[in-house]
Amino acid sequence: MLGSLAMFGWGTRVKSNRNYHDPVFLNETLEYLAIYPEGVYADCTLGGGGHSNAIVERLNEKGHLHCFDRDPEAIAFASNRLSAFKNQITFHPVPFSEIKNEIDADTLDGVLYDLGISSHQVDDSSRGFTFVGDQPLDLRMNQEKDESAQQWLRQISAEDLAKVFSNNADLDRSYKLAVRLIEKVQTISGDILPQDVRGVVESVFYDKRRDLNSILARVYQAIRMEINQELQQIEKSLRGAVSCLKVGGRLVVISYHSVEDRCVKNTLSPFEKECICPEKLPVCRCGGNHRLLKKENRKPLLPTSTEIDQNPRARSAKLRVYTKV
Ligand SMILES: C[S@@+](CC[C@H](N)C(=O)[O-])C[C@H]1O[C@@H](n2cnc3c(N)ncnc32)[C@H](O)[C@@H]1O
């Protein structure tokens, strides 16, 4: 486990803006985590520390919070914000797929995922997460590691790019879009800029001018998810979280688009079943009794109109809650 603040690279830029990120579903998250003061919790998506701050405020000196983020800027910002609670927090500056390696089995009373990216990551133009402006395409959650979107686009085939568009963002015309984008990229010797991507999207969706921004958002989303291996991360981490939870512990997951939500639902649904035999077996041979999760709500929770008015980012959010049984 990584507990020392010195390990987070204090040299990392720390923005002092108070609105690094406004947490979504804050009250519901606290209610469903049902925090008790001596409990042990994990916030797998620390971001600006909004959820973590509210969780750790409810713990006493025996309680503990594990905070994960793969973005060194988030760790630097939030560890500064939460410095008053340093004895109750362990920061894990690693991808949340590492949860099972970082935390012992059957030890957590609650785990939170607030998936996707923070407002800060989008607002900081140097991160290259947005198609507004003229910053080069980057899209990495950790700029100290991994390959940028630009580098990735220069070596991917049109076939594979089309799969990324349709699998990660349910985009129509994905093959045409992929072919045109690869053709465009081949003509660019310098940075790939938002206007380059916008030009291609406009040419493919010439009849959908009013939807261009939402299509562009999905193009960026698809590439971002691939660059950061987001679905693979979610699958591996959720499985790890189930093993780290104690019986009675809560798993709370906030997702922001249908592909993400589907991944959460499909990863967790096998844990809700008593029988784990292959579907083609006519009779159960596993003996049943394998159920590890119980859903707290039949359907995911949606934000109230008041929350959406106050925080437009909540618009597409869905909250799923499970209890380990
Ligand atoms: C929506 S923000 C979380 C905001 C946070 N709940 C708050 O109140 O400020 C998501 C955060 O999760 C981080 N993140 C996304 N995927 C991750 C992964 N696989 N491993 C670790 N951190 C991840 C992002 O870097 C980002 O900081």
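This is a predicted model: local features need pLDDT of at least 70, side-chain atom pairs count only at pLDDT 80 or more; totals for chains, interfaces and linings use all residues.
Mentor: Local features need pLDDT of at least 70 and side-chain atom pairs 80 or more, while totals for chains, interfaces and linings use all residues. Residues are numbered from 1 along each chain as its sequence is written, and side-chain values use heavy atoms, without hydrogens and water.

Trainee: Why is the pair of F131 and Y220 called edge-to-face?

Mentor: Rings of Phe, Tyr and Trp (its six-membered ring) pair if their centres lie within 6.5 Å, and planes under 30 degrees apart are stacked, over 60 edge-to-face, the rest tilted. F131 and Y220 have centres 5.7 Å apart and planes at 65 degrees, so they are an edge-to-face pair.

Trainee: How do you know that F131 counts as buried?

Mentor: Buried means under 20% relative accessible area, exposed over 50%, partly exposed in between (1.4 Å probe, protein chains only). F131 is at 17%, so it counts as buried. Y220 is buried too, at 4%.

Trainee: What makes R313 a charge over the ring of Y256?

Mentor: The rule asks for NZ of Lys or CZ of Arg within 6 Å of the ring centre and within 35 degrees of the ring normal. R313 lies over the face of Y256, at 4.3 Å from the ring centre.

Trainee: Why does the largest pocket lie between domain 1 and domain 2?

Mentor: Domain 1 (5–120 + 230–324) and domain 2 (147–227) both give residues to its lining, so the pocket lies between them; the bounds come from an automatic or database domain assignment.
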